[in-house]
Amino acid sequence: MSLALTQARQALLKKEVPVGAVIMQGDEVIGVGFNQSISSHDPTAHAEIVALREAAASTGNYRLPGAILYVTIEPCTMCVGAMIHARISKVVFGAREPRAGALVSNLQLHQSAVYNHQLEVEEGVLADECRALMKNFFRARRERTGDTKN
């Protein structure tokens, strides 16, 4: 999770929502990513998707059985769907995402019987650090813009 936090800080430096992801297969890092939706003008450029793309390219396969994805914030519906299609074995996340989290906070998509692959989920790893990074980002953004809703 420390590597995922490093990725999240990279997003912060680029004025992106600070979410970072790392994919491991055994002891090897096969993919990393941070949110890049704003800078790339790509709504799919979430940290998890960026990491999945890199992992698939580095292994030469879009299926990543046995891989573990570490992400600082609970993944959204799109990202959980991509993880299921990639056959990620386990997702480890730091802090819950009460609005859009799709593993624990809201939908629990990984438990749906409609999918032919199930994800193991672990939550709360370095949760305080992950949560603080997000809170500080959005607090600063509200102060800059005067927006009280984000």
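User: Which residues of α3 are buried?

Analyst: In this predicted model, where local features need pLDDT of at least 70, side-chain atom pairs count only at pLDDT 80 or more, and totals for chains, interfaces and linings use all residues, the buried residues of α3 are A47, E48, I49, V50, A51, L52, A55 and A56. Buried means under 20% relative accessible area, exposed over 50% and partly exposed in between, with a 1.4 Å probe and protein chains only. Residues are numbered from 1 along each chain as its sequence is written, and side-chain values use heavy atoms, with hydrogens and water left out.

User: What covers the buried residues of α3?

Analyst: The cover includes β1, β2, β3 and α4 (77–86); helices (H or I, at least four residues) and strands (E, at least two) are DSSP runs, numbered from the N terminus.

User: Why is T72 called buried?

Analyst: T72 has a relative accessible area of 1%, and the limit is under 20%, so T72 is buried. T72 lies in strand β3 (residues 68–73) and, leaving aside neighbours within four places in sequence, its contacts (heavy atoms within 4.5 Å) include M1, A4, L5 and A8.

User: How do you know that the buried residues of α1 line one face of the helix?

Analyst: The buried residues of α1 are A4, L5, Q7, A8 and A11. Seen down the axis of α1, they fall within an arc of 155 degrees, so they line one face; the arc is that of the directions from the helix axis to the C-beta atoms. The face turned away from this buried side carries the exposed residues S2 and L13.
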